[in-house]
Amino acid sequence: MSDEEQSNDLMPDFEIDHEKITEIIEEHANAGGLVVASDILPTGLPIIPLRPRPAFPGIMIPLVLNGQAQVAAMHQAMEHQAQTIGLVMTRDFDREDGVDNLHQVGVAAKIVKVLHTEKNAAHVLVNSLERFVIEEIHERGGTLYAQVRYHFATELSDNPELRAYSMAILSTLKELVQINPLYSEEIKLFLNRSSLDDPGRLADFAANLTTADGQLLQEILATLDVRKRIDKTLVLLKKELEVSRLQTKISKQIEEKISAQQREFFLREQFKAIKQELGLEKEGKDTEIEKFQKRLKKLTLNEEAERAVEDEMEKLQLIEPTSPEYNVSRNYLDWLTILPWGVFSKDSYSITRARRILDRDHYGLKDVKERILEFIAVGKMKGDISGSILCLVGPPGVGKTSIGHSVADALGRKFFRFSLGGMRDEAEIKGHRRTYIGAMPGKFIQAMKTVGTANPVVMLDEIDKIGASFQGDPASALLEILDPEQNDSFRDHYLDVPFDLSNVLFITTANQLDTIPRPLLDRMEVLRLSGYILEEKLEIAKRYLIPKALENHGLKRSQVTIRKAALRQIVEGYAREAGVRNLEKQIKKILRRAAMAFAEDETLEKISVSKRDLENYLEKPIFTADEIFEGVSGVVTGLAWTSLGGATLQIEAVAMLAKSKGFKQTGQLGKVMVESSEIAYSYIMAHVADYGGNADFFDTHFIHLHVPAGATPKDGPSAGITMATAMVSMITGKTVKKKLAMTGELTLTGRVLPIGGLKEKTIAARRSGLKTLIFPNDNRKDFEDLPDYLKEGLEAHFVKTFNDVYKIAF
């Protein structure tokens, strides 16, 4: 069959070479015109049925012949000198080709070129010549043959009426070309082969140009009268013009109805395509999935996580990128595939290297350093250091956080720190569930993403200041994470798959242990950092604080010098706390003043800060030297522990004559300390005669006990023996030894119980120049464990009862 659509269905392997056809048409047109048809056209023709349009005379047509019968008809025509076949449209397209299924009027066509042949198919180019009317038709061997009578075109160019019709057709064709420029190419081909002066040919060409129904076109082909044919063709052209105009109008209306958002969408899509072509950016769902799959190749997920990733990948492929669910699914996959599943950094267990790093970053803290080195040594023998959680407890500014940095550096691990202070929402620890908008994992999963390894050092600062609220208890959420028996399958609310935290080294910091929940404290190994004595602070200032501050202030070492006496005065008068944070602030204050001096006087070369200059830089000292009252009866020096380190207390007792006995305490004493004073009062009142006093002393005196400074709250049981000693000194009028201080809890039976914070209290005594110290006997081991430089020059006595205290003090 002959239509291009039909041929594509029946012969998909055939390809019409349009350029070749155009070349043949032009060669044929330039050959000097057509030979008179009546001289060569045979009256007997093999017939080729056409669907769904008829062929018109004067048109070059490519045909695809299908089936053995049609190919045989072609060969039959080729054997004749005229090489002509008949092209007739079928009546019913759904019926098979046959004698009774053909229209009566067709077109004779000359085979110009056979472009391609196969066994039962051929591709030919034909030139349709003249109309014919079938007079007789029969079938032979499946091929149709017909006896035809030709209707040859006559010269009608001089007919004014037909010429007017021709001009109307041309005018309509011009309008069609303006609406649809594709028509112009076909008009050019027609003009190369025919004349506009031939109304019949023009009508045939115009009818062939339209998209009208095949039956209407067959009706025009069968109209032999040129006048009627042109009339029908003009009607078809007008309809075609109206259809084209309507199509243009509809297209314009549709374009106008496209919203600004749609236009923006199209522009964005084009922009994405341009960027993709230029290699600037990859877009789309496939790129995201490819990115996730690339990440997964480097990871080792557990079975549950793998299953979750596979399910979410399948879900993502089914979701359109414009869907709100798409971003939720994409973000979840992004988190699952960016976590370091099975990715570990190599640990360094070199004790020598670890000691060098700890000594480089910190001065002193020998006991803490030794404990950390022991910890690393165990890891070396065991092969890993999982299962331990360290808790560094000490006053502010003693280097707890920086020790965490040093441990990570010594082990060759990544370091991550975040503060738990003030945290009140459990979701910050365990994440939000994905049902919430803006949900994200908790801090620990975020830490894993940040460091990129599954075995970092994670420091939890200020664990003693963690809070609780109606949103949950973060401390309870930490129980699972800080339990070595549970954290190998930590399940974040957002991920909802187990993640192994057992290889993480957790280091926590706290200023005190009292506010840490007991179940949480039980999971941690406590290391105490007690603070620094004067000599240690001086060395830290020289080695670390001054060089760092000089660099931060843009100064050179040769420009500013802080003398040792000045540095000592800064420590004693301006930065007496256990840590070195305030010492660093005072050094910075001096250097700021120095920088100002250099900026104002460009001729200035060097500044040397002596002890005399300190008041010019730092104003008056904040602290005065601890005034130890000696040689005064009723006054005894005690040792106390505070969150900032150790301190000395002057406990004073006076007796006033009264008609009846009485006792009162002042100095903002806490409940426990008040009880200790009452125990001391009762004990001394019961044993006053044993210590050289009158048995009726308390019956005639009112006792007042005071602990300065009055504005500072105080509490704790460790001042019991100090209060009792002050009362004995008051009663007997004797003074205690010079440079003496004591601490210990007293019972009603005179026993001395152990106390805490012995190192801090020893540091405070050393700072105040005290030489003789009295401690409970049960604290002997604590004192012996102190570094030698702390014990040097101190005379320590260990007592079991108050009688031992009395013998040493007096």
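Covering here rests on contact, that is, heavy atoms within 4.5 Å. Helices (H or I, at least four residues) and strands (E, at least two) are DSSP runs, numbered from the N terminus.

The model is predicted: local features need pLDDT of at least 70 and side-chain atom pairs count only at pLDDT 80 or more, while totals for chains, interfaces and linings use all residues. Residues are numbered from 1 along each chain as its sequence is written, and side-chain values use heavy atoms, with hydrogens and water left out.

Next, select helix 8 itself, residues 214-221, in which Gly 214, Leu 217, Gln 218, Ile 220 and Leu 221 are buried. These residues lie on the same side of helix 8, because they cover an arc of only 155° around the axis. The arc is taken from the directions from the helix axis to the C-beta atoms. Buried means under 20% relative accessible area, exposed over 50%, and partly exposed in between (1.4 Å probe, protein chains only). At the N-terminal end of helix 8, display Asp 213 as the cap: a side-chain oxygen of Asp 213 lies 3.1 Å from the backbone nitrogen of Gln 215.

**The chain as a whole**

Of its 810 residues, 47% count as buried. Among contacts between residues at least 6 apart in sequence, 74% join residues at least 24 apart.

**Nonpolar cores**

Select Ile 562, Ile 570, Leu 583 and Ile 587, the residues with the most contacts inside the largest nonpolar core, which has 55 residues. A nonpolar core is a set of buried Ala, Val, Leu, Ile, Met, Phe, Trp, Tyr and Cys residues joined through side-chain atoms within 4.5 Å. Helix 21 (residues 534-552) gives the most to this core, with 8 residues. Another core, of 54 residues, lies apart from it and has Ala 308, Leu 336, Met 448 and Met 524 among its members.

Return to Ile 570 and show its neighbours: leaving aside residues up to four places away in sequence, Ile 570 touches Ile 562, Ala 575, Leu 583, Gln 586, Ile 590, Leu 614 and Leu 618. Then move to Leu 534, which is placed in helix 21 and is buried, with a relative accessible area of 14%. With the same exclusion of residues up to four places away in sequence, Leu 534 touches Arg 568, Val 571 and Glu 572. A C-alpha to C-alpha distance drawn from Leu 534 to Val 571 gives 6.9 Å, for residues 37 apart in sequence.

**Aromatic rings and charges**

The structure holds 18 aromatic pairs. Rings of Phe, Tyr and Trp (its six-membered ring) pair if their centres lie within 6.5 Å; planes under 30 degrees apart count as stacked, over 60 as edge-to-face and the rest as tilted. Select Tyr 683 and Tyr 691, a tilted pair with 6.5 Å centre to centre and 45° between the planes. Tyr 683 is buried at 5% relative accessibility, and Tyr 691 is buried at 4%. Phe 697 and Phe 698 have ring centres 5.6 Å apart and planes at 85°, so this pair is edge-to-face; both residues are buried.

For charges over rings, select Arg 434 and Tyr 332: the charged end of Arg 434 sits over the ring, 3.7 Å from its centre. Lys 449 lies over the face of Trp 335, at 4.5 Å from the ring centre. The criterion is NZ of Lys or CZ of Arg within 6 Å of the ring centre and within 35 degrees of the ring normal.

**His 704**

His 704 lies in strand 19 (residues 701-706). Its side chain makes a polar contact of 3.0 Å with the side chain of Thr 666. A polar contact is a pair of N or O atoms within 3.5 Å; within protein, one must be able to donate a hydrogen and the other to accept it, and residues adjacent in sequence count only if both atoms are side-chain atoms.

**Backbone features**

Finally, select Pro 52, in the loop between strand 1 (44-50) and strand 2 (60-66). The peptide bond from Arg 51 to Pro 52 is cis, with omega near -10°. Asp 496, in the loop between strand 10 (490-491) and strand 11 (498-499), has a positive phi of about 60° although it is not a glycine. Asp 496 is partly exposed, at 44% relative accessibility.
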